[in-house]
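I would like the cut-offs behind each term as it comes up.

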Amino acid sequence: MTITLTHGHDGRLARVRYDNAARGNCFDLPALHHLVDTLETAADDDSCAVIHLDLAGKNFCAGWDTSSFAALAGSTPEAVAADLRASDDALHRIRRLPVPVVAGVRGRIIGFGAGLLAAVHLPVAAMSARLSLPEARYGFAPAGVGHTIARSLPRPHAYHLLTSAATATAGQLLDWGLVVRVVADGDLDRAVDHLLDTLLAVPGSTLRAVVEVVESSLATGTADRAYDISARTVVAGPATRGAAR
């Protein structure tokens, strides 16, 4: 597993590549923390306006590393719950990044991969992408992913997925608001690049402000912070400054 951080467009674009393609881009807790630390490092650079999260290989994420399952038998419910909370906390750190994260979604999205997908701000899916939640077949009830799916999907669809009885298509992911766009497989990289170019045409400070508006609104359920954030951009914005001349 390797994680690399590179920059483009004079530092305004950060590319974070996660390459565990040989294992379908599965995760364990150290790998997840390493990825999130790298994303936060990228976003901490004031010149960064957007992050491209690039999952190597044919699959977006094949879920949690199943080689760790054997150790669960000797664990306690409290210890397992703590690990589940730690992985969910790491995903929340992605949601709290001050810049938007764009990702191409191809191939399989399995288990934990659904949580990673939901944490990305702007995921673009290939037509062949498929989401499945096999935890029930292992005898597990999904935790954080279960909560995410239950909140994001109509109730019958949530049960259909969480009981491992269904696989979701890319079209369904679009209908449920889990991806922003679905394109032909061969067009995915081009669609991601186009979205990145579109975002890079917006001032970085404005993109950061938009993220603040969306995430504060979701977190509080009110527009209180949005008023202040918007006012800051209005006063500082080029349109306002031009009108004052």
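Helix α3 passes helix α4 in a left-handed crossing, a crossing being called left-handed if the near helix is turned anticlockwise from the far one by less than a right angle, and right-handed if clockwise. This is a predicted model, in which local features need pLDDT of at least 70 and side-chain atom pairs count only at pLDDT 80 or more, while totals for chains, interfaces and linings use all residues. Residues are numbered from 1 along each chain as its sequence is written, and side-chain values use heavy atoms, with hydrogens and water left out.

Two packed helices are described by the angle between their axes and the distance between the axes. Helix α3 covers residues 112–119 and helix α4 residues 144–152, and the two pack at an angle of about 55 degrees with their axes 8 Å apart; the axes are lines fitted to C-alpha atoms, for helices over the stretch in contact, and angles run from 0 to 180 degrees between N-to-C directions.

Helix α3 is largely enclosed by the rest of the structure, because seven of its eight residues are buried, where buried means under 20% relative accessible area, exposed over 50%, and partly exposed in between (1.4 Å probe, protein chains only). The buried residues of α3 are F112, G113, A114, G115, L116, L117 and A119.

The crossing of α1 and α2 is left-handed.

Side chains of opposite charge can pair when their charged atoms come close. A salt bridge is counted here when a side-chain nitrogen of Lys or Arg lies within 4 Å of a carboxyl oxygen of Asp or Glu, and the whole structure holds eight of them. One of these joins D37 to R93, with the closest N and O atoms 2.7 Å apart; since D37 lies in helix α1 and R93 in helix α2, the pair ties together parts that are 56 residues apart in sequence. R93 also meets E40 in a salt bridge at 2.7 Å, N to O, and because E40 lies in helix α1, this pair ties together parts that are 53 residues apart in sequence. D37 is partly exposed at 38% relative accessible area, and E40 is partly exposed at 24%.

A further salt bridge joins the side chains of R23 and D65 (2.9 Å, N to O). R23 lies in the loop between β2 (13–19) and α1 and D65 in the loop between β3 and α2, so the pair ties together parts that are 42 residues apart in sequence. R23 is partly exposed, with a relative accessible area of 40%, whereas D65 is buried at 12%.

At the surface, L72, Y138 and F140 form a nonpolar patch with about 270 Å² of accessible area together. L72 is found in the loop between β3 (50–55) and α2 (77–95), and at 33% relative accessibility L72 counts as partly exposed. Patches are made of residues with over 30% relative accessible area and no salt bridge, like charges being joined within 9 Å and nonpolar side chains (Val, Leu, Ile, Met, Phe, Trp, Tyr) within 5 Å; accessible areas come from the Shrake-Rupley method with a 1.4 Å probe, and for residues only the protein chains shown count as cover.

Notes. Helix = DSSP H or I, 4+ residues; strand = E, 2+ residues; numbered from the N terminus.
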